[in-house]
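Opening my notebook on this one.

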Amino acid sequence: MMIGREPLLRADGVTKEFFGVTALSNVDFELAAGEIHALVGENGAGKSTLIKILTGAYRRDRGRIALEGESIDPADVMDAQKLGIGTVYQEVNLLPNLTVAENLFLGREPKRFGLTSPREANRRSREILSQYGLDIDVTAVLATYSVAVRQIVAIARAVDLSGKVLILDEPTASLDAAEVSRLFSILEDLKARGLGIVFITHFFDQVYRIADRVTILRNGQKVATRPIAGLERIELVSMMLGRELQEQEAHGAEPVDYSKKPVVASFEGVGKRGRIAPFDLTMHAGEVVGVAGLLGSGRTETAELMFGIAQPDEGRIAVDGRPASFSSPREAIHHGFGFCPEDRKLDGIVDDLSVRENVILALQARRGWAKPLSRKEQEEIADRYIAALDIRTSDREKPIKFLSGGNQQKVILARWLATDPRLLILDEPTRGIDVGAHAEIIRLIGELRERGMSLLVISSELEELVAYATRVRVLADRRHTGELEAGAITPDTIMRAIAAGEDETPGDRGGKGRAAEILAEGAA
Amino acid sequence: MTSSRLFPLATTFVIFLIAYGLCIAEFPNMLSTRVVGNLLTDNAFLGIAAVGMTFVILSGGIDLSIGSVIAFTGVFLAVAMGDWGVPPVLALVIVLALTTAFGALMGAMIHYLAMPPFIVTLAGMFFARGMAFLISIDSVPITADLYDTLQGLYYRMPGGGRLTFIGVAMLAVVLLGIVLAHFTSFGRNVYAIGGNRQSAELMGVPIARTTILIYALSSFLAGLAGIAFSLYTSAGYSLAAVGVELDAIAAVVIGGTLLTGGSGYVAGTLLGILIMGLIQTYIVFDGTLSSWWTKIVIGLLLFSFIALQRGLVWLSARRRGAAMPA
Amino acid sequence: ADMTVGFSQIGSESGWRAAETTLTKEQAEKRGIDLKFADAQQKQENQIKAIRSFVAQGVDAILLAPVVATGWDQVLEEAKDAEIPVVLLDRQVDSSDDLYLTAVGSDLEHEGEVAGDWLVKEVGDKDCNVVELQGTTGSSPAIKRKAGFEKAISGHDNVKIVRSQTGDFTRTKGKEVMESFLKAENGGKDICALYAHNDDMAVGAIQAIKEAGLKPGSDILVVSIDAVPDIFLAMANGEANATVELTPNMAGPAFDALEAYKKDGKEPPKFIQTESKLYTQSDDPKAIYEEKKNQGY
Amino acid sequence: MPATIKRVLPQLAALVVILALNTAIAPGFLDIAYANGRLYGSLIDILNRGAPVALLAIGMTLVIATRGIDLSVGAVMAICGAVAAALITGDHSLAATILMTLGVGILCGLWNGALVAFLGIQPIIATLILMVAGRGIAQLITEGVILTFNDPGLIFVGSGSVFGMPFPVILWIVIGIAASLIFRTTALGLLVEAIGINRRASALAGIGTSALLLAVYAASGLCAAVAGIVAAADIRGADANNAGLWLELDAILAVVVGGNSLMGGRFSIAGSLIGAMIIQSVNTGILLAGFPPEFNLVIKAAIIVVILVVQSPASHTLFAFFKHRPGRAAETPAGAAKPEEGGAR
Ligand SMILES: Nc1ncnc2c1ncn2[C@@H]1O[C@H](COP(=O)(O)OP(=O)(O)OP(=O)(O)O)[C@@H](O)[C@H]1O
Ligand SMILES: Nc1ncnc2c1ncn2[C@@H]1O[C@H](COP(=O)(O)OP(=O)(O)OP(=O)(O)O)[C@@H](O)[C@H]1O
Ligand SMILES: [Mg+2]
Ligand SMILES: [Mg+2]
């Protein structure tokens, strides 16, 4: 396309080592003005590292970066921002203690008479966010909003900051379909204005939908840069993995009557005022209940009540037919529950501890402090899951904070698998996980189900739900509005059920419009 | 809503009013302009220093050196004006420059050497008091005319209370602190660093400059507090203001600022100072407590304030949760 | 009660001060005076606050045991404006003397001198290396007791201070610092006498001397100041040689003066000096110990 | 374990340097003599005088590992010293006295722990309450006087000796080793580190964070109680006014000089103990040097700064930078401030 002309942003021979482990070796990268350039690769391939180097968050060991032909050397993120490069890093790096507006305008607060003007910042924030269909109180602190909202705010900030280049590292990891299409239309606009956009994702659909070119990284090396047009999907995957990927079975699970199977736990009229309306849910052994809904529909809240993180103010819980109540996750775990949380950075990883320690943490906590797992047992468990989930780490003793985002996610998953729970709740388990591992996790869920584990899986990825769910709970506006039985589960039916639920209970997000949007989206 | 962010602050204010009311019920004399004037004047130096401490704590740090810096300032001023014959105004300028530079140095060590603020400022605490000792171990009176003038500047309120220069200066510092915290980029950056240093860095906040400025500001205000203290006592003494850092920290925290950083208000600090002053005044008015009961009662009152505050905030969080549409 | 008196005490940093507080309360009770007690926790600012509160409260008189000499002008003036007489206890201030009614106390420098004179007499012409345990660096007793002692030994070249460190007026530090003095001075063989700015440090140091295998009181002479009960116990055992008394009953003379002033406006002298009495082993320390034991030290 | 030793190498190096300095200042510093059934010498003094801070540092290490801090230990020392003196002079047996005193220490710790774990009060303020009130409680017990006692058993704790070693030295070494064993041979160490690094995630993983916090503060109270008994026994009296005064700062300093992070997480008790000895060596060195006391604080400040600067991660980077200078000069300024070292959060 733009060949011949000087690219907007260009990196030559970028190399980066961390404590002797090579994360990037001799990577070249080119971004043209007015293009959307996808960056793909397995977990730990070096994508995030590359963009951190481009934006001055890391120093490179070797290599050259040029913006519009001029050699640049951003010493920190501020430098990069001044050069017109706006970035959303993988872990949503905003400040939960500041308001939405303050987050949007940090570092470039609107001023009046030399002093900052919060009023003006609030006004402009509302304006900006409305482009993303987000009508929220911008004077509330960010901590009160869900991961998804934070993600949108982060994107809005980066877009607003980027004069020339916009870099997005897995921006869509926790967005639903409607949010994604809104984001894409904004990206198209920016592209038309001549911005260069780097877009990292593990969703190939999205790559094909929006990108002009794609660069593939593998093991810290660049494999190729290709125009999307004419690139076969199979080819893309094999370039990324360095091998062929077995074709995913996209059909749903066999319709089996699970109601005959033993009941692991039942929840009757369990609810919490202001959080989630009372719901009934019976979990049988050997079934996977998928949970679908829009952002903020109350999926996470449902899980939190089931796991004792929040206490219901009404309803009955029974485990193995006996009444139970848990006031803390610890008690839930003693009943054989497990919960892999959505926000891995805040609720998941214990960042200074090693991969080994992170894996065995829940198991050890359940055994009690007096019965330590021996070092050998710990190593065995860790090694088993590092192999099973293909966790990319140079060493099981590496602090988890030095792993790539997707690999951290796998470690947290391993933590819960290691406890071998009877009821496992997974909140967005495949967030940020690459295609290879994604297929692996879907296979794993199937296997656990066959072994008789009961699973509740929350996911925004409908295809994924279709692949493993034996039934699907549908939530809208903090209510359980419906359920799809095995056999009737397709992305389209789920979408319709969500939309129907939204229409029933027009909530703060303007139900009608949303429902129409979702359906339109589903049709596209 | 913003009002919910201000809730802890409002709670603290209400607690203060109730407590004052209770005191008056027991000792009607406490409702006099003298007591009000005293609250401001007696706590002026602490208030000024606590404003600086608020910024430090908002950024997630801590400054243990302020008490020593106050002592150093006093001794330096006394000896400079007395023995060395430095003109008073010049001495004031020099001492503020010295303390500010001292704070900047601590900030630079904290940032560039990645050392914990607690320890850097602990060393700073030893150092500043040590320097005060080196200048003079005696308590040195200050006799400059400037001091007489400033001490003579007060407004006599009806009822005999005095609104003194240093009391008003403290209020002015609090006001400026509020503006600095909430209406400048520097203020935003302080909150940002306190929220999460790494994120702030990735959002382009100038960490190095802000950190150095924060500690420079704190030491500058400690210097100013030292000047207020020397006006208060007309003397410099190297053993003065021992433990003031803990009083300041307590005031900041009682005022609703989180020690983990990123959340709190300068105005809250003023309330914290007033609450602590009220506790002391109450104890003196009571006048029956032995030395040891004084300590125990201060501890208990401190505990009740904090527990009450937490209880109210907790209750309101529950109420607000329930008020949302189910 | 016909008179309400506010008493701003420094704190309770030592047994001596606890005794002063106890005796003051006793004296007040005996005379039917309503005493408002305020403990300043060693902080001048707290004392100033307390005096201001006393003024706001409208007491009839104020007793002040000032933690430091400087910085009282303003607050004393305020008390004077409110026509409340102030009596200083046990330490002096450097304010002009029309700001307070009178000061009751001993002369700190004189105490040091008495201790020094005793030592000079005791050793005669012999060479004597003295180690000194100072009070809290910068505190006025530390400064004055040091100066007084030095004045007493000046001119006697055979007596000289070879080491001087602060023991913070505490037993623990007294012991620790004495241990290092002993190490530094040839296991203590080069030390002839110890001068401690208070008895507590001396008591700690005596233990250190004993643990080092020397005999306090004979191998190393021990002289200190305050005359608290425990030092008499040590003297009775022959482990300490002399102490200079600082009486904790400052309130008695203070109340006398106040009552006289209130009754017929009689101005007392500006300084009522208490005696700095020297006690040695020949003063029947055992009996004095028994007598002092119950005075609230 | 070589890994453990490697971990404390910088601290050991610092200790050696300070001791070397002391030797240079005070001739005979290294001499150790044996007399009256015990060892004498400045080195022994350091071990002995450092005992209270070392004991406090053991508990403080654990508290700091949970991202807390315990300002009350000095006051708890005073309380426990007073309790011990009151009990022993009240004709209780030595065993009863010591057990009850330790119980009081644990109680104090539990109070702190409850404020932190259940009321969610920030540790520095939660423990500030007891720091202020505790000394008052101690004075209430002694009524402001130094409560002296003559019980030879209790005195032995402060100035007795076993095999020539002063008993306090034996105490802190044994307790230090015991604590390390308890925390390292069970899973406690790991769990404590986990809650210090990420309390939320730890709770979600099923760790009983509140119970653990209570236990850790109780342990700190227990250590303070032992230190309080040692301090009182040393001077044969409970000095409620001054026992343990400002020792909390020394204990925190010891923990940090020992290479532990105030941000919680990974901890080393051995490191803290060495830290305590470093601090005591500085103090003893100052005393031996014979400077006027006005200089004490400045010297102490300077030495602390030097030790910490040498230990700081940034200076390691700087050191590495000078050792093998990379190709481009512009690449390494202030490397430590970069997130790659600090990691996420
Ligand atoms: N701060 C760090 N310290 C040490 N190693 C690191 C650090 N950051 C990244 N790495 C390593 O560099 C490699 C590349 O990581 P990077 O985060 O760039 O992967 P990624 O392609 O973004 O993966 P993902 O899709 O999981 O986000 C990984 O092996 C990771 O362990
Ligand atoms: N788009 C939105 N607009 C307004 N508020 C939202 C939005 N999305 C989430 N929230 C808020 O975030 C909070 C978290 O919701 P919750 O975690 O239950 O959602 P969820 O269904 O789990 O969705 P997800 O986890 O995918 O964000 C809710 O209190 C909700 O009010
Ligand atoms: Mg990544
Ligand atoms: Mg969710």
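How far apart do the closest C-alpha atoms of chain A and chain C lie? I get 37 Å, and no contact joins the two chains, a contact being heavy atoms within 4.5 Å. Among the five pairs of chains that touch, chains B and D have the most contacts.

Ground rules for myself: this is a predicted model, where local features need pLDDT of at least 70, side-chain atom pairs count only at pLDDT 80 or more, and totals for chains, interfaces and linings use all residues. Residues are numbered from 1 along each chain as its sequence is written, chains are lettered from A and ligands numbered from 1 in the order in which they are written, and side-chain values use heavy atoms, with hydrogens and water left out.

**Entry: magnesium, ligand 3.** I looked up the donors (N, O and S atoms within 2.8 Å of the metal, 3.2 Å for Na, K and Ca; water is not among the atoms, so sites may look incomplete). The magnesium ion (ligand 3) has Ser48(A) through OG and Gln90(A) through OE1, at 1.9 to 2.1 Å. The pair links distant parts of the chain, 42 residues apart: Ser48(A) sits in helix α1 (residues 47–54) of chain A, and Gln90(A) in the loop between β6 (85–88) and α3 (100–105). My helices (H or I, at least four residues) and strands (E, at least two) are DSSP runs, numbered from the N terminus. Gln90(A) counts as buried because its relative accessibility is 13%; buried is under 20% relative accessible area, exposed over 50%, partly exposed in between, with a 1.4 Å probe and protein chains only.

**Entry: magnesium, ligand 4.** Here I found Thr300(A) (OG1) and Glu342(A) (OE) coordinating the magnesium ion (ligand 4), at 1.7 to 2.5 Å. Thr300(A) is in helix α9 (residues 299–306) of chain A and Glu342(A) in the loop between β18 (337–340) and α11 (344–348), so the pair ties together parts 42 residues apart in sequence. Thr300(A) is partly exposed at 22%, whereas Glu342(A) is buried at 17%. I then checked α9(A) itself: six of its eight residues are buried, among them Arg299(A), Glu301(A) and Leu305(A). Just after α9(A), Gly308(A) takes a positive phi of about 80°.

**Entry: Met178(C).** I found Met178(C) in helix α6 (residues 171–184) of chain C. Is Met178(C) buried or exposed? Its relative accessible area is 0%, so Met178(C) is buried. Leaving aside neighbours within four places in sequence, its contacts include Val131(C), Leu194(C) and Ile220(C). For scale, I also took Asn237(C): 59 residues from Met178(C) in sequence, and 20 Å away C-alpha to C-alpha.

**Entry: chain B.** I count 14 helices and four strands in chain B. The radius of gyration is 20 Å, close to the 20 Å that the globule rule gives for 326 residues, so chain B is as compact as a globular protein of that length. That radius is over C-alpha atoms, and the rule is 2.2 Å times the number of residues to the power 0.38. Of the 326 residues, 64% count as buried.

**Entry: chain D.** Chain D comes to 17 helices and six strands. Its radius of gyration is 21 Å, close to the 20 Å from the globule rule for 345 residues, so chain D is as compact as a globular protein of that length. Buried residues make up 61% of the 345.
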